[in-house]
Amino acid sequence: MSKRNVVVFAATTVVLSAALLLGWWWATVLVAAFAGFAVGKVWLPVVAAMTAWATAILWTGGAPDTARVLSAMVLANRDLGWLVLVITAVYAALLASAGAWTGATVRRVGNRGPDNARG
Amino acid sequence: MALLLVVLVPSAFPVGGLPALGPVLNPGDGVWGRSAPVSDEAPVVPGLAVPAVISFEANGLAHVSAGSDDDLFLGIGYTHARQRLFQMDLLRRRAAGQLAEVLGASAVESDMFQLDLGLARSAERDWRELPRDAPARQVLLAYSDGVNAAIDELIARDLLPENFVLLGYAPRRWTPVDSLVVQRMFAQSIGFTDLPVTFSFLAKSLPADVFGAWFPEVPAIAQHPYDKGPYRKLPLTPAPVGADPAAHGADPVPGGGGGGGVPAVGGLAPLRERLADLPPGTVNRIGNSNAWAVSGAHTSTGRPMLAADPHLGFSLPAIWYQVEGTSPGYHFTGVTVPGFPAPVLGKTDRFAWGVTNAQRPTSLFYLEATDPARPDQYHWQGEWRPMTLVRNRIGVRGEEPREHVTRLTAHGPVLQTQGVATSLWWSGALPSDNLSALLNGLRAKDTTAFRASLSSWSAPALNFVYASPEDIGAFTVGVTPQVEGHDVALPLPGDGSADVAGAIPVAALPAVHDPADGVVVSANQREVTGDYPYRYSTSYGFPDQGWRAATLTAALSGATGRTADDMAALQLDERDELAVMLVPQLLKALQGKELAGAGSDLRAALAGWDLRASTGSAQAEFFERFATALVRRTFQPWWDQYHVPQDPDGWLPLSSGKSSPVKDVLRATVARWVVSDPGNRFFSLPDGTRRDATAVLREAFDEAVGQPAGQHTVRFPSLLGVPALDEGPFPAGGNSRTVNALSGETAEAGTAGPSWRFVVDWSAPQGAARAICPCGQSENPSSPWWANGVEPWRRGEYWQVAEGPAAEPVSTVKWRLKPR
């Protein structure tokens with residue numbers, strides 16, 4: 001992984017973790033879009049965003065307990081807390097993917113230039 | 001772009017019943033992190049005058065210690081809200097008919113009913129009429145301040161219960177009216193009954209002499225009233241014709257006089273159907289509570305003792321929150337209802353008390369005379385009158401608001417508009433200042449003052465049983481409507497001929513103080529004998545026939561050297577008095593009968609049975625089936641003969657497996673016939689075929705033998721109706737007739753019983769108490785205090801009540817509240 005990628009990964013994780021702790025879920029899309037634009041890839045912002053979500057959830061504490069209660073309320077089974085965590089991870093990945101893909105696409109379109117765009 | 005939309009839309013907006021995912025799942029203020037354990041804190045609490053301390057024991061029991069009386073109730077409000085805010089919000093919303101606003105269309109029926117019943121109307125009137133200088137006003141304001149301080153803090157710290165997040169709303173500010181409406185909701189859950197509606201089907205189907213024989217005024221089995229007389233007949237106390245604040249004797253409609261009205265036609269099936277669809281707790285269906293006191297002559301210490309266990313529907317979280325309160329003017333320990341500041345049961349340093357439901361009817365149903373040609377009018381006292389119309393707007397989550405019109409006659413709200421308009425006079429709608437009564441009671445120096453303070457109690461009708469170091473006693477409180485010449489336990493004509501004429505004066509209500517035998521038992525039995533000079537309860541006006549009172553009276557009378565352990569053991573007693581009556585008769589009836597296989601085994605098992613409905617007892621399980629079969633075998637032919645109709649709740653069909661007050665009364669009636677009138681004509685068939693008790697006992701035995709065995713269980717349902725959060729079902733003993741009661745939708749599936757067991761021994765200067773609730777102090781399923789009382793409760797254990805300095809060493813968490 002290039003130095004640039006490492007920096008973007010770390011910055012994405014830190015910034016997004018802080019934003020998530022403030023309740024700014026929509027920052028996932030924005031930060032992932034910036035990261036996608038910066039590195040031109042989708043996978044890196046997605047992994048970074050999921051790391052940020054995991055960090056923020058662990059930071060709040062009590063994740064397993066909350067997951068168990070949510071699984072009881074939503075899935076009618078107290079033992080499916082792991083599934084709630086999986087669903088949350090998938091949701092975070094989708095948010096990040098949407099942002100990262102948009103960012104990466106903008107970068108690609110920009111790199112082609114007006115002449116290339118005319119074809 | 002499509003991916004962006006697909007992800008962002010459900011993130012930002014609710015879709016398909018799901019909440020908006022972004023706000024719910026985000027780690028900052030979403031559902032994560034709301035399970036933070038309770039730990040030491042030092043919050044700044046606006047409204048607090050001087051520092052206060054709230055401490056918690058390892059099991060979650062709370063102690064609030066404050067420097068002023070107002071601060072005490074502020075502290076209780078703060079504690080309630082920190083531990084039970086979502087439950088409190090549901091309670092006030094449900095009571096006031098605002099549930100659909102957050103739960104959606106499924107709650108609209110409940111809201112319409114509550115708006116008709118008018119708890120919010122009554123609570124608002126009570127608040128308006130509470131004098132400016134009344135201590136209760138100060139207490140309600142302080143309590144509200146405490147709740148609101150907690151709401152602000154929970155919002156600021158992103159710690160609102162996760163249910164708020166999932167439903168996507170934040171609680172509004174708490175007001176004194178909210179507390180008063182919660183108080184009335186509690187009164188409704190234990191004091192509003194529809195038994196007159198149920199029994200109206202029978203009264204209409206059966207000839208009067210048959211109805212009287214099956215459903216006598218005084219229950220058929222031996223009664224143990226705590227007030228045995230002599231009684232005084234005093235003039236009635238004035239009571240309004242209409243209890244609801246919006247009900248009044250409207251002026252006649254101009255030009256509409258005369259005509260004589262339209263006789264009530266049709267039945268009450270629509271009302272029955274309406275009531276059957278409402279959530280549990282809307283209508284009281286449980287009549288089981290125990291409270292007793294014994295004098296020092298019966299105890300090992302020479303000092304009185306009290307035991308009390310109110311029986312209610314179980315839920316997690318429960319309706320109770322146990323707290324010790326200490327301030328310059330108060331010191332008490334007891335159970336409070338989250339949303340209401342004062343304890344309903346408990347103890348002070350001078351006395352302890354328990355409560356049970358009193359028997360007398362306080363829900364009167366009026367069949368109004370109406371005419372389709374005169375919409376929204378009713379005929380009363382010889383004139384056509386306009387109904388009062390109250391227009392309500394019901395907010396519905398995700399839908400347009402609905403309009404609902406509440407109609408009121410002079411008697412109260414019209415609960416059934418289809419067919420015969422049926423209105424309700426309910427004592428729970430009367431003006432009430434129960435909080436002042438309770439506060440005065442908490443400050444009372446002795447039991448005489450305690451009794452006097454509660455004389456103004458309006459509803460629900462309750463028995464208070466008390467014990468102090470010096471004395472014991474019991475008394476009933478609550479307005480008792482009297483109607484001349486009519487049975488108030490059945491629907492009444494609404495034309496003015498059966499209006500409430502007044503109430504039994506407080507001085508004539510059942511009461512006993514230091515009885516000669518040194519024993520006071522209140523277990524929902526009829527409190528007085530048949531000589532009582534006022535119209536009182538009937539066997540069909542209240543769902544208890546007096547079984548538990550018989551067990552308790554037998555166990556306590558004449559006994560000496562009783563200890564607190566004995567009192568606790570008696571709370572767990574599962575002796576079944578119906579079995580005591582019937583099993584010897586059944587065994588006698590089976591003598592000489594050829595039995596093989598299961599029948600033979602069951603006869604042998606019954607012969608060796610201790611007549612207790614213990615956990616796992618095959619005999620108890622069989623006996624329940626047998627008792628049901630006995631009622632069916634005896635009465636079903638007559639049921640058919642008189643064409644008794646079905647009802648939406650399934651209470652009337654004798655073949656139904658549902659628990660039912662109708663069957664409860666019939667069990668007592670047939671048991672008495674078996675024992676003392678074995679040739680009763682109703683054992684025979686309507687076609688003249690002769691049968692006697694022996695023949696019917698044998699038939700019932702054979703029927704029960706042929707049925708599959710079940711298992712008695714107890715379950716503690718989640719208040720949210722989320723089965724995965726329930727505790728249980730667990731194997732359990734007890735039934736609706738045993739002191740350790742258990743009841744539910746069916747005899748096998750118990751969901752109601754002793755909601756708090758409480759024993760106080762006055763040998764210690766300030767009383768030594770123990771208590772247990774089958775619940776936990778917290779509403780948070782992730783909390784160690786969620787359902788931690790269930791297991792000790794099931795094992796018959798108690799938690800010691802630590803008070804004052806004794807609470808200090810057992811407290812593991814402290815909140816040191818600081819004034820702003």
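In which loop of chain B is the place of B:Asn524? B:Asn524 sits in the loop that runs between strand E24 (519-522) and helix H15 (547-556) of chain B. This report covers that residue and other features of the predicted model.

## Backbone geometry

B:Asn524 has a phi near 70 degrees, a positive value in a residue other than glycine. The residue counts as buried because its relative accessibility is 0%, under the 20% cut-off. A:Ala76 likewise has a positive phi, near 60 degrees, and is not glycine. A:Ala76 belongs to the loop between H4 and H5 of chain A. With a relative accessible area of 59%, A:Ala76 is exposed, since the cut-off for that class is over 50%.

One runs from B:Leu316 to B:Pro317, with omega near 0 degrees; B:Pro317 is found in the loop between strand E5 (305-313) and strand E6 (321-326). Another joins B:Ala459 and B:Pro460, where omega is about 0 degrees, and B:Pro460 is placed in the loop between helix H14 (447-453) and strand E18 (462-467). Most residues other than glycine have a negative phi, and most peptide bonds are trans.

## Annotated spans of chain A

An unreviewed UniProt entry annotates residues 6-35, 42-60 and 80-102 of chain A as "transmembrane region". In the model, residues 6-35 are 83% helix and 0% strand, and their end C-alpha atoms lie 11 Å apart.

## Interface of chains A and B

The contact draws 33 residues from chain A and 30 residues from chain B. About 2,600 Å² is buried between the two chains, and carbon and sulfur atoms give 75% of that area.

Across the interface, 7 residue pairs are in polar contact, and the salt bridge count is 1. This salt bridge links the side chains of B:Glu727 and A:Arg78 at 3.4 Å, N to O. On chain A, helices H1 (3-21), H3 (43-60), H4 (63-75) and H5 (81-118) each supply at least two residues of the side that touches chain B. The largest share, 11 residues, comes from H5(A). By class, that side of chain A holds 21 nonpolar, 10 polar and 2 charged residues.

## A buried glutamate in chain B

B:Glu703 lies in helix H21 (residues 693-705) of chain B and is buried, with a relative accessible area of 17%. Its side chain makes a polar contact with the side chain of B:Arg632 at 2.2 Å. Leaving aside neighbours within four places in sequence, B:Glu703 is in contact with B:Ala629, B:Arg632 and B:Arg633.

Notes
Residues numbered from 1 in each chain as written. Chains lettered and ligands numbered in written order. Predicted model: local features only at pLDDT ≥ 70, side-chain atom pairs only at ≥ 80, totals over all residues. Heavy atoms only, no water. UniProt positions renumbered as here; feature names shortened; annotations may be inferred. Helix = DSSP H or I, 4+ residues; strand = E, 2+ residues; numbered from the N terminus. Contact = heavy atoms within 4.5 Å. Buried area = accessible area lost by both parts, 1.4 Å probe. Salt bridge = Lys/Arg side-chain N within 4 Å of Asp/Glu carboxyl O. Polar contact = N/O pair within 3.5 Å; in protein donor to acceptor, adjacent residues only side chain to side chain. Nonpolar A, V, L, I, M, F, W, Y, C, P; charged D, E, K, R; others polar. Buried < 20%, exposed > 50% of the residue type's maximum accessible area, 1.4 Å probe, protein only.
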